Amino acid sequence: MASDTSQPRNIVIVGGGIIGCTTAYFLTRHPTFNPAIHKITILEAQSIASGASGKAGGLLALWAYPANIVPLSYGLHAELAKEHDGPKRWGYRAVHCGSITAKGKLYDTAKKEEVGGGGDEYKKLPKTRRGGKMSAPVEIPEDLSWFDRETIQAYSVMGTPETTAQVHPFLFTTSMAELAKEKGAEIIFGSVTAMDYTGPHGIKSVTYEDKETKHIHTMPATDVVVAAGPWTNHVFPEAPIEAIRAHSIVVKADVSAHAVFTDIDLPKDFGIKDASGAKKKKGGKRVNPEMYARPDGTVYACGEGDYVVPLPKSSNLVECDISRCDDIHAYISTISPTIRDGEILVKQACYLPLVEGGGGPIIGKTGIRGLFLASGHTCWGIQNGPATGKLMSEFIFDGAAKSAHIDSLDPQIAMEDS
């Protein structure tokens with residue numbers, strides 16, 4: 001059933017990450033959007049892209065998941081880049097993608113130290129667990145000269161420039177927000193304290209605390225999209241969303257356009273000392289960091305996910321464990337002298353939103369009139385942001401998703417199963 005677009009609408013998007021910003025962008029580009037009667041507001045607690053959307057890797061892939069929205073989103077990325085000069089504005093480009101199996105080696109004998117045995121297996125982020133289907137091993141590409149070829153035991157193709165691309169997540173997300181603002185969307189910085197959706201008429205208003213003044217305000221709402229990533233269930237407790245922390249680093253290194261997944265067998269004498277000089281014991285000897293070379297002369301690398309520290313109240317309170325960042329660099333250094341010698345520019349952490357029980361994301365209606373969910377995108381939020389934003393614009397202005405069949409991503413199913 002189509003929505004009545006001739007009536008005034010107060011559309012509030014909770015969350016200024018990639019999902020919230022692409023939703024605002026596509027709402028302002030919808031054929032029936034009329035800025036005279038349709039008010040669109042992004043309500044963000046801290047700053048645009050302050051969470052995972054600003055600290056992600058930015059890999060785009062036709063072999064990502066879920067399959068029912070990936071082709072749409074991958075194509076929209078190309079269209080957005082063409083329309084808004086994405087290569088210059090947010091680092092959009094096609095890349096090669098492969099998987100390396102390697103036997104790491106020590107380059108600095110002064111740091112030799114045996115790895116402690118036992119412990120849990122290295123935790124892997126969802127992208128590592130559920131990435132593209134690998135082909136039979138092939139010869140190592142010549143331009144992967146930033147790896148020590150003596151350490152590489154196998155190389156498998158995961159994606160080609162026809163099926164794999166990248167963006168700089170922070171630049172892409174902030175650009176989507178800016179482009180939405182240019183067409184009439186408003187951005188307010190404040191934290192949601194309440195939503196009124198009691199009674200038969202559904203959502204009525206959103207109450208928030210202004211970030212700067214700490215004053216409490218209530219804005220009327222005809223439609224609310226909760227797109228707060230791992231904080232989604234802080235806003236709407238019924239949302240079956242949980243969070244996993246992820247650490248990453250950015251290293252100065254001007255290398256070839258490749259995304260590289262790894263399976264590294266650490267050297268027997270591998271070990272890392274902390275600031276006090278005490279030996280850190282590692283559980284398991286195989287590790288799986290990921291690396292994405294960027295066009296700005298840097299390499300983004302991420303490592304294990306963990307549940308050690310619970311999700312804090314807001315993105316500015318995320319705790320970064322520097323030792324985990326150092327681990328990522330040390331692991332990669334056993335197979336890449338280039339990364340080993342590169343300056344570490346950034347050490348950071350964020351939380352990824354997961355749907356409880358697996359699967360996801362969840363996109364669509366909650367069963368409460370005017371209240372929508374768009375969250376649980378795991379590590380593929382940047383990849384699937386454009387499709388999610390377009391589909392949310394269709395839910396609001398057309399009454400249903402038109403561009404893809406997403407019954408399997410229905411929030412109400414996930415809510416019932418949780």
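**Strands, helices and core**

Reply: Y208 stands opposite H217 in β10. The two strands concerned, β9 (residues 205-210) and β10, pair in the antiparallel sense over 5 bridges. A strand here is a DSSP run of E with at least two residues, and a helix is a run of H or I with at least four, both numbered from the N terminus. The model is a predicted one, in which local features need pLDDT of at least 70 and side-chain atom pairs pLDDT 80 or more, while totals for chains, interfaces and linings use all residues. Residues are numbered from 1 along each chain as its sequence is written, and side-chain values use heavy atoms, without hydrogens and water.

Me: How many residues lie between the strands in the hairpin of β9 and β10?
Reply: The hairpin has 5 residues between its strands, and K214 takes a positive phi near 65°.

Me: In what order do the strands of the open sheet of 8 strands stand?
Reply: Strands of a sheet pair through backbone hydrogen bonds, either parallel or antiparallel. Here, two strands count as paired if DSSP finds at least two bridges between them. The order is β10-β9-β8-β2-β1-β11-β21-β20, and the pairing is mixed. The edge strands, β10 (216-220) and β20 (362-365), each pair on one side only. On average, neighbouring strands of this sheet are turned by 35° against each other, direction ignored. V225 has F372 of β21 as its bridge partner.

Me: What is the order of the open sheet that 3 strands form?
Reply: That sheet runs β3-β7-β4, with antiparallel pairing. Its edges are β3 (59-61) and β4 (93-94), each with a single partner strand, so one side of each has no neighbour in the sheet. Between β4 and β7 (residues 164-166) there are 2 bridges, and A94 stands opposite A165 in β7. Helix α3 lies across β3 and β7 and runs at about 120° to β3.

Me: At what angle do the axes of α1 and α6 cross?
Reply: Two packed helices are described by the angle between their axes and the distance between the axes. An axis is a line fitted to C-alpha atoms, for helices over the stretch in contact, and angles between N-to-C directions run from 0 to 180 degrees. The axes of α1 (residues 18-29) and α6 (residues 169-182) cross at roughly 30° and come within 8 Å. The contact (heavy atoms within 4.5 Å) is made by I18, C21, T22, A24, Y25, T28 and R29 of α1 and by F172, T173, M176, A177, L179 and A180 of α6.

Me: How many residues has the largest nonpolar core?
Reply: It has 46 residues, and I40, I69, W90, F172, M176, V225 and I406 have the most contacts inside it. Such a core is a set of buried Ala, Val, Leu, Ile, Met, Phe, Trp, Tyr and Cys residues joined through side-chain atoms within 4.5 Å. Among the elements that each supply at least two residues of this core are β1 (9-14), α1, β2 (38-44), α6 and β21.

Me: Is Y292 buried or exposed?
Reply: Y292, in strand β17 (residues 290-294), is buried, with a relative accessible area of 1%. Buried means under 20% relative accessible area, exposed over 50%, and partly exposed in between (1.4 Å probe, protein chains only). Buried residues make up 56% of the 418 residues in the protein.
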